[in-house]
Amino acid sequence: MIERLSQSAVDVSLKELNKGAGVLWHTKEGKLVREFKFSDFVSAFGFMTKVAMLAEKADHHPEWSNVYNKVVIKLTTHEVDGLSTRDFDLAQEISKSV
């Protein structure tokens, strides 16, 4: 069973996720959020394709948007109405794929 993380667990997980990162994940409205910028649309779309494969493998799908060279990803676990380890695990995999 998936469990919702406490605020203190979210804080610890967020710190670990962002360790050594240039662009940081943050929380907004109960979601884990990050904006990615690329040189052009094709690069952004290629990244989205990689993320789609990661999400499908994890059976955990992001909310996202794309405008030209920017991709905004929002992660949340709807089953628990908040953040779970699934969100942080997928965020870690996404960060590795950039």
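**Notes on the predicted model**

1. A search of the whole structure, which is a predicted model, finds 5 salt bridges. One of them joins Glu63 to Lys31, with the closest N and O atoms 2.8 Å apart, and this pair links distant parts of the chain, since Glu63 lies in strand β3 and Lys31 in strand β2, 32 residues apart. Glu63 is partly exposed at 26% relative accessibility, and Lys31 is also partly exposed, at 21%.

2. Within helix α3, Lys96 and Glu93 are separated by about one helical turn because they are 3 residues apart, and they form a salt bridge whose closest N and O atoms are 3.4 Å apart. Lys96 is exposed, with a relative accessible area of 57%, whereas Glu93 is partly exposed at 35%.

3. Arg86 and Glu79 meet through their side chains in a further salt bridge, at 3.9 Å from N to O; Glu79 counts as exposed, at 58% relative accessibility.

4. The largest nonpolar core has 21 residues, and those with the most contacts inside it are Trp25, Leu32, Ile73 and Ile94. Two or more residues each come from α1, β2, α2, β4 and α3, with the largest share, 5 residues, supplied by α2.

5. Val67, found in strand β3, is exposed, with a relative accessible area of 62%.

How values were computed: Residues numbered from 1 in each chain as written. Predicted model: local features only at pLDDT ≥ 70, side-chain atom pairs only at ≥ 80, totals over all residues. Heavy atoms only, no water. Helix = DSSP H or I, 4+ residues; strand = E, 2+ residues; numbered from the N terminus. Buried < 20%, exposed > 50% of the residue type's maximum accessible area, 1.4 Å probe, protein only. Core = buried A, V, L, I, M, F, W, Y, C linked by side-chain atoms within 4.5 Å. Salt bridge = Lys/Arg side-chain N within 4 Å of Asp/Glu carboxyl O.
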